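Subject: Structure handover

Hello,

Here is the structure I promised to pass on. Please open it first, then read my notes below.

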Amino acid sequence: MRKKILAIIAPLILMALLLTACAPGATPTVGPSPTPVVVKETVVVEPTLAPAGPVTITFWHTYNEVSPENEMLVETLIPMFEEQHPNIKVESLPVPWEDFRRKLLTSISGGVAPDLARLDIIWVPEFADVGALTALDEAMSDFDQYKDAVFPGPLSSNYWAGHYYGLPLDTNTKVWLHNQEMYDAAGITEPPQTMDDLVGQCEAIKKVNPDAYLFAADGTWAWVTLPWIWSFGGDITDLDVTKASGYLNGPKTVAAYEFWLEMYNKGCFAPVILGSGIDPWSGFAQDLYASIDNGPWMYPIFEAQFPDKELHASLFPAGDGGSINVVGGEDIVLFKQSEHPEEAMEFIRFVLSPQYQLKMAEVGQLPVRLDLIESDYIKNHPYCGIFLEQLRTSKSRTAHPAWQKMDEIITNAGQLILRGEKMAQEALDDAAAQIDALLEQ
Amino acid sequence: MRSKITGDSLTAYAFLLPGFLFLAVWIIYPMLKALQISAYDWSIMPGQVSEFVGLDNYVRALHDGLFWLSFKNTLLYAGVTVSGQLVLGLVVALMLDQITKGRVAFRAVYYLPVVTSWVVVSLLFKYLFNASPAGLINYLLVDILHVLSAHIPWLNEPETAFVAIYSLGIWKGVGWTMVIFLAALQSIPAEYHEAASIDGASSWQIIRLITLPLLIPTMILVMIMLTIGAFQAYIQVALITGGGPLHRTEVLLSYMYDRAFTDLDFGYAAALSYVLIFVVFVISQLQLRFLRSEPMY
Amino acid sequence: MVYSKQKLVTNALLYTLLIIGAVITVFPFLYMVSTSLKGPVYVFEYPPRFMPPEPTLHNFVVAWTSKRFDRYFLNSVLVTISTTLLVVLFSSMMAFAFARLKFVFKRPLFYGIMIFMMMPAMTLIVPQFMLASTLNLLNSLSGLVLVYVAQNLPLSTFLLTGFLEQVPRELEEAARIDGASSWTIYWRIMLPLCKPALATAAIFSSLGAWDEYPWALTVLNDPLKRTLPVGIAAFHGVFYSDWGLVFAASLIAIAPIITLFILLQRYFIKGAISGAIKG
């Protein structure tokens with residue numbers, strides 16, 4: 001009798017073990033489904049089998065899954081690359097922006113990092129610092145050729161502790177975008193030149209619709225607050241990034257936050273800045289928010305989502321420090337865990353080619369190659385110009401492995417100030433002390 | 001005789017084996033592993049050394065204001081939602097017990113939120129409690145019912161954000177308590193009530209003096225189950241407020257998750273998990289005592 | 001006469017209150033349906049309109065076709081079916097042992113099952129994540145199934161043990177006299193007898209697997225492998241949410257569960273009562 005039970009149980013255990021065993025990272029489904037799964041948009045996910053056939057490299061990025069950028073990448077550019085390199089297959093993986101850092105770090109810890117990633121420029125120091133990235137200036141024999149071909153600003157975001165850990169992929173900054181219908185209704189004839197203009201504009205907007213707002217942003221993190229801090233003449237740390245005291249809590253930074261508080265209390269800034277409400281894009285599209293500051297990617301998105309709405313761009317309003325916004329953009333990095341670094345570097349060369357850069361420019365990604373800025377395409381482009389102009393004065397966020405924590409401290413300080421729980425000076429004193437402690441480590 | 005027992009045991013173990021294999025690999029081993037991790041400043045990066053810190057992570061929790069806040073928030077969530085579900089579920093059950101027609105239909109309707117996914121209802125409530133005048137709750141309370149004079153940015157303040165989170169917890173759970181109470185009510189022998197009404201007791205007196213006392217064991221059981229359930233709260237917080245503003249709506253699990261997967265502080269997160277496991281363990285001991293003293297219904 | 005009039009008033013009051021409660025309960029669902037039928041432009045209109053002016057299925061079409069929701073649906077179906085089959089099989093075997101067999105360490109083992117049943121599943125997410133990463137199970141649906149089985153086994157075992165204990169001894173004894181093995185008794189006698197309980201266990205395991213969110217969110221990277229809850233949450237972006245789409249997707253996800261509930265209400269309720277378990 002026992003034998004019989006064993007005979008019945010054994011297959012069950014086997015089945016359980018099989019379930020466990022037949023589960024390498026790339027197997028797409030359990031159960032009796034065919035292995036290669038073809039989905040529309042021609043993404044082909046194949047299990048990474050023995051490298052008999054072409055080599056597959058994985059490329060993670062934060063292009064929105066359903067976006068013109070992703071479509072361009074997956075339907076035009078990757079096929080183009082694969083045609084030029086029949087021995088390499090590129091698997092593109094879009095990850096939501098808010099999950100990206102966590103997914104990357106946990107994947108590195110699990111040994112399943114991708115070969116390549118398009119990384120926000122501000123994250124490169126952190127990933128380089130944990131030892132996850134390959135120093136491209138050592139690994140790529142022709143690195144200097146690419147180094148000389150791109151803008152020095154975006155390039156410098158790849159530099160950490162003596163090495164370049166990536167190459168710039170695209171660059172951007174934010175400009176002032178306004179809702180023409182709301183401006184017209186309020187009798188506003190031109191976009192704000194200075195911070196002082198904002199006060200009057202807000203009154204005009206509120207007169208037409210008390211539930212409308214002059215400006216909306218989706219949080220108090222550095223990406224949102226820095227343009228105001230800098231344009232007011234303030235800063236976060238000294239140039240060498242050794243301390244925040246005297247900068248983040250200096251009089252100019254404090255003045256920027258006090259201006260914010262005043263605007264918020266008057267109902268000029270939408271409450272979504274504290275975390276909830278109608279998001280800036282929808283509010284802008286629905287004539288609730290008269291202006292936002294945002295990047296070039298907005299154009300293709302708006303065209304797709306809100307075809308009736310036109311975007312009107314101007315420079316960020318100037319304060320004592322000038323009109324300064326944040327430099328954004330992404331770098332392409334190669335992970336140490338990559339099993340096919342040579343093939344991956346081939347893809348890096350491809351994304352830095354004029355061909356790739358121009359194609360991506362069509363969907364709102366500003367190119368990083370010096371030679372392209374002079375090209376007719378860019379010169380005649382409907383909206384690249386204003387961003388390039390803003391980029392002349394834009395500044396970069398602090399390059400430091402602890403940026404994520406610094407940003408959280410800045411975010412919290414902004415929250416405390418706008419909620420009226422701490423005076424600007426007090427909140428920024430505390431924040432500066434916390435950042436000082438971080439920088440000392 | 002002896003060999004028979006062993007034989008029986010072997011048969012039984014054979015039946016238990018496949019299931020226990022799963023439990024051993026995915027629950028028991030992780031429990032032990034968590035204990036180990038919690039004693040380290042755990043580095044998840046390959047090739048980096050984790051430092052043994054003994055009980056430091058637990059001590060750290062004691063001094064961590066955010067941990068205590070998330071603990072307090074969890075207790076408050078439990079307190080408010082458990083009593084809300086208990087009272088409303090009981091009231092609905094008592095009403096359903098009285099009526100003769102449509103009981104099954106009502107029961108189905110009230111039970112609907114219970115079977116709906118947390119992700120869906122959390123997003124739904126986030127939408128209902130939108131800060132703008134166009135948010136449905138704002139519109140109902142201000143423009144229709146005139147209960148409030150101004151539109152509230154519900155999710156921007158911890159107090160009002162918890163109103164949204166609590167209402168969701170109660171709304172989703174009332175159906176469950178109702179079903180349990182209804183079953184208990186219908187198992188009360190009809191003679192009790194008949195005897196009382198012959199004595200001239202009013203319906204309210206019958207409920208107060210006979211029905212409710214008979215329901216006390218059920219109430220305790222429901223209360224313990226709901227409390228254990230309340231400690232599982234994560235999705236509603238993660239999706240409605242994300243723990244914000246300023247981590248002020250964090251509950252234990254959302255805080256633990258944040259430490260683990262935003263800060264990658266696995267050691268500390270594991271220690272926090274153990275604190276939670278301990279709390280739930282204590283509550284579940286009460287529960288087990290009640291399960292043993294059945295029958296309940 | 002007076003009595004019945006009073007009774008009439010009481011009844012009217014009861015039904016009024018019950019209907020008000022029912023309206024509060026279903027209203028959010030109806031609003032979700034109404035929002036999903038609006039175009040993106042109307043989603044945050046003031047004043048909010050309950051009936052969409054020009055109802056359209058546009059959001060459902062977009063969710064299903066261009067947003068790969070078909071794929072998430074398929075993933076969820078695969079994961080749920082695999083989980084449920086394994087859970088029902090293994091937990092009924094365990095329950096059979098606990099309910100009908102004598103063995104050493106029975107009490108402590110069953111006690112362990114009950115503790116696992118009450119422990120919040122998410123507390124083990126960190127070590128489970130590390131284990132999954134060691135076993136190369138990150139970013140795979142099998143990684144989901146294995147953990148879901150472990151998560152749902154204790155509850156299901158508890159439920160079925162309670163049921164199997166009530167099966168009369170005589171049936172089993174008669175079979176034993178006829179020389180039936182334990183397996184035969186389990187497979188031929190017990191399982192057919194406890195079909196309703198198996199259905200209940202299956203329903204609760206399916207619900208657990210269909211709705212699970214934190215584990216799937218943590219281990220899945222590839223959008224093609226997302227399950228429904230992760231897919232829905234991903235539609236709700238941090239910067240911008242197309243609520244019409246979110247709710248169209250949500251309705252697609254909850255439709256099977258609601259259908260199942262309407263058809264098998266009895267089992268849902270029975271499960272809730274007998275195990276005092278919460279969906």
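Start in chain A. Strand β3 (residues 55–61) of chain A and β5(A) pair in the parallel sense, over 2 bridges. Strands count as paired if DSSP finds at least two bridges between them. Strands (E, at least two residues) and helices (H or I, at least four) are DSSP runs, numbered from the N terminus. In this pairing, F59(A) is opposite L116(A).

This is a predicted model: local features need pLDDT of at least 70, side-chain atom pairs count only at pLDDT 80 or more, and totals for chains, interfaces and linings use all residues. Residues are numbered from 1 along each chain as its sequence is written, chains are lettered from A and ligands numbered from 1 in the order in which they are written, and side-chain values use heavy atoms, with hydrogens and water left out.

β5(A) also has an antiparallel partner, β13 (residues 327–334) of chain A, joined by 5 bridges. There, L119(A) faces D331(A).

β5 (residues 116–120) of chain A is mostly covered, with 5 of its 5 residues buried. Buried means under 20% relative accessible area, exposed over 50%, partly exposed in between (1.4 Å probe, protein chains only). L116(A), R118(A) and D120(A) point one way, A117(A) and L119(A) the other.

Now the disulfide (a pair of cysteine sulfur atoms within 2.5 Å). The count over all chains is 1. C202(A) and C268(A) form it, with sulfur atoms 2.0 Å apart. They lie 66 residues apart, C202(A) in helix α9 (residues 195–208) of chain A. Both cysteines are buried.

Best wishes
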